[in-house]
Amino acid sequence: MDALEETEEDEQRVEEKLGGLAVSDDLQDVETKVPVEQDCLPKHSVDMSQLPSSYKTNSPKEKQLLHIADNFLRQYIHLCPNRKPLFLHPVNECGVEKFVSTTVRPTLLPYTELYDWDGCASFVSDYLVMEPLECPITLPSSLYSPTTTLKHQRGNCFDFSVLLCSMLIGAGYDAYCVQGYATLETCTLDETQELCPLLRKPPEEAGKPKCEPLHGLRVHAWVLVLSGKREVPETFFINPFTGNRHNTTDKRFLGIESVWNHRNYWVNMQDCRHGCKDLIFDLGDAVHWEIMLSESNPLQLLPEEEEELFDSDTEREKRMSFDVPPSWVAPIRIPPRQFETRYCQGKKVTLYNKAKLKKWAPYLNGNGLVQRLTIYAGPDYTDVVEVREWFENREDILVRREVNKQTQLTTDYFSKGHSFSLKAHTYTLLEPKTGHTMEFYNEARVDGLQKRVETASEMTEYFMGRDDFLYLRHVDFGKQGDETQRIDMNSKPIRQIKECFHRNPEKPADEDVAECIFLITEEYIHLTYHLKDKYITASKKLFHKLPERASKEHEVFMTPETCITYEAGSFEKGKSLFHLYNLLKDLTAKEKRVKEQVRQSEAEVLTILKIRQTEEADIKLSVSIYNRDRNEERRRHHEAMESTVKDELLGQKKQDLDYLAPFLIQNGCRDKLNQKQALCVRDDCLTDFKHHLTYKINLIQARLEKAVEELQKRHLWFQENKNQLNTKEKNDYLSSCSESMFHINVLEQRLNREKQMAPQKYLALEDKLCMDPRIAEHLGYI
């Protein structure tokens with residue numbers, strides 16, 4: 001590992017260049033310049049009085065593990081004197097040395113967002129505030145437990161990685177913490193040169209990384225996820241600071257010293273002079289990875305004169321068969337309110353290349369704003385080009401807004417459920433006659449309207465899935481001074497209406513209208529039919545409407561001059577006058593209907609604008625009925641129900657049968673008990689209760705084993721048949737595995753709870769029996 005095994009001369013040159021690391025202003029600037037805008041808080045102190053005893057002491061097995069780790073470290077240093085130190089047993093928050101594998105606490109948290117790797121990584125990167133290492137080229141002196149890291153919401157890269165690895169292993173991934181080296185930007189969470197993930201990714205950058213004196217020496221920790229489990233197709237890295245996934249060939253990661261999970265520790269024996277791109281991640285390969293606890297051969301032995309540095313054969317066998325003790329870390333729990341709040345103090349700001357991303361917890365902002373991306377013209381973050389905002393829990397179901405600062409155009413996006421099936425709305429002002437583009441969920445509308453574009457002089461509507469094959473309607477409005485076509489003061493005079501239709505295969509092409517134009521002011525109707533096969537011109541008809549006859553039927557006049565007809569590819573006489581008369585009559589009636597539909601569209605636009613103005617003037621947030629903390633009505637209802645149930649339980653408790661009655665009958669006891677009978681009844685009651693507790697634990701254990709066995713069988717079946725499965729069957733398999741894992745986790749929690757509570761329940765019953773007047777008088781209690 002030439003890239004990691006720096007010689008003493010190289011180290012001296014680096015120290016001379018940096019001025020000893022302690023007085024270098026440049027280095028201090030490098031370490032303190034963190035582009036993520038966070039509140040600068042002092043390093044958190046830990047109240048050790050509130051921590052479990054496992055945090056403050058080591059069990060005999062943990063002490064034995066530390067002894068094994070020390071022996072392993074001595075051999076490693078002797079065999080690899082030029083290698084950097086290993087991160088084996090730093091002190092925890094109580095100053096107690098703990099082996100790093102026991103700091104990993106596999107946990108599956110009860111939130112569906114945390115069942116997959118990307119949800120876990122996103123949560124960790126959002127929930128915690130990054131703290132840089134005290135010295136960028138040395139390992140940290142301590143490693144806190146994930147529970148303490150969660151409590152204070154702060155940590156360095158090792159704290160981030162241990163927490164994320166614990167969550168990923170709990171979710172079923174083959175995940176490992178990594179001790180290695182990374183670039184300056186990766187170690188300091190400097191994303192000012194990176195494109196924001198919400199923006200479209202550019203092609204691969206061809207530029208070289210900036211030259212900096214500590215390149216290849218900066219210590220970093222991240223997470224390795226191996227392929228295999230959870231159907232992960234390819235091994236990849238996760239940067240815990242950002243939550244982003246990276247290929248193992250990514251140039252951000254410059255080398256690996258070691259990896260570990262909750263069961264073992266591996267040392268990388270491969271050359272990292274070219275970073276991680278050539279590394280083999282088969283941890284079972286003893287040539288490329290040296291494992292600490294395994295049945296395989298340990299480090300190569302030295303000559304006999306140096307055997308005192310190594311274990312004896314007996315100790316070596318003991319070490320290689322040693323199992324890592326359970327994690328000393330308390331169960332990892334995240335209350336729902338903290339999970340919802342997510343960010344430290346409810347907000348987070350990240351700087352990217354020409355962009356700034358702000359995030360807020362739900363309900364923190366009164367308008368439901370949870371995320372805002374501001375895009376700038378330059379790297380100085382001054383000239384705003386565009387602003388994108390995301391919303392949650394709004395009653396008007398607005399979910400996203402984009403504002404173009406150059407054109408002043410605003411686009412609002414809505415989820416399904418709007419009263420007019422509104423999907424998106426583009427505007428400059430929420431006022432009529434200012435120009436609006438509205439998109440709709442066409443499948444939820446009777447008219448199949450997909451989009452409507454309106455300006456002061458025209459309106460265009462797009463349709464989809466209509467029975468009449470209409471897909472476009474374009475309306476030209478006249479000037480405001482033209483009163484001939486106006487119905488009321490709010491409507492605009494209609495000058496022309498054009499409708500376009502898709503091909504109807506049930507009609508001949510020369511009878512299937514492709515375009516119909518109603519020239520309102522000129523009193524013309526122009527029809528264009530679909531093209532017939534192998535023709536380059538289409539049949540057309542032009543009708544000129546004459547004034548209506550003053551009769552009760554309001555019949556229209558029809559003369560040979562009223563209609564001009566062109567039949568493509570036909571030299572025969574056109575349709576009869578009677579046929580044209582009926583067609584003109586139908587078109588005249590249709591013109592009236594279309595004009596009414598246009599007026600309805602105008603009215604709908606005005607109604608939508610009025611509703612949007614009201615919604616923006618008084619923004620309201622919706623609260624789920626299951627959220628008792630925020631839903632006041634639901635909370636009062638729940639408290640009333642709890643009070644009622646409590647009263648019922650108290651009343652029922654008074655009417656409960658005597659719990660000693662079965663055992664009194666069994667022993668033939670009546671009213672007064674002698675000492676022998678009292679002791680016999682007590683022992684029988686305790687024995688029966690013990691059997692009940694044992695049966696309950698065994699029952700849960702059996703269900704757990706059955707669930708695990710079924711999951712293993714399902715996984716084996718998938719491995720044998722995955723090449724023949726379609727996408728739906730694969731998705732069903734992944735969904736069933738996720739449900740099974742959740743069920744297994746619940747059973748494990750129930751089993752652990754029953755095992756912990758059984759002795760307490762037994763002692764509680766024993767105390768209760770000893771205080772029973774029928775038994776206590778024979779035991780000296782009264």
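Two strands pair if DSSP finds at least two bridges between them. Keep that in mind for the first view of this predicted model.

**Close-up 1. Strands E22 and E23 form a hairpin.**
E22 covers residues 513-519 and E23 covers residues 524-529; they pair in the antiparallel sense over six bridges. Four residues lie between the two strands, and Glu523 in the turn has a positive phi of about 60°.

**Close-up 2. E23 also pairs with strand E24.**
Here E23 meets E24 (residues 540-544), and five bridges join these antiparallel strands.

**Close-up 3. Helices H5 and H7 meet at a right-handed crossing.**
The axes of H5 (residues 117-127) and H7 (residues 157-170) come within 10 Å and cross at roughly 150°. Angles over 145 degrees count as roughly antiparallel, so H5 is roughly antiparallel to H7. On the H5 side, the contact includes Trp117, Phe123 and Val124, while the H7 side includes Phe160, Leu163 and Met167. By class, this contact has 10 nonpolar residues, one polar residue and no charged residues.

**Close-up 4. Helices H14 and H15 meet at a left-handed crossing.**
H14 spans residues 675-721 and H15 spans residues 727-771; their axes come within 10 Å and cross at roughly 165°. These helices are therefore roughly antiparallel to each other. Sorted by class, the contact of H14 with H15 has 21 nonpolar, five polar and 12 charged residues.

Conventions
Residues numbered from 1 in each chain as written. Predicted model: local features only at pLDDT ≥ 70, side-chain atom pairs only at ≥ 80, totals over all residues. Heavy atoms only, no water. Axes fitted to C-alpha atoms, helices over the stretch in contact; angles between N-to-C directions. Parallel < 35°, antiparallel > 145°, perpendicular 65-115°, else oblique. Left-handed = near helix turned anticlockwise from the far one by under 90°. Nonpolar A, V, L, I, M, F, W, Y, C, P; charged D, E, K, R; others polar. Contact = heavy atoms within 4.5 Å.
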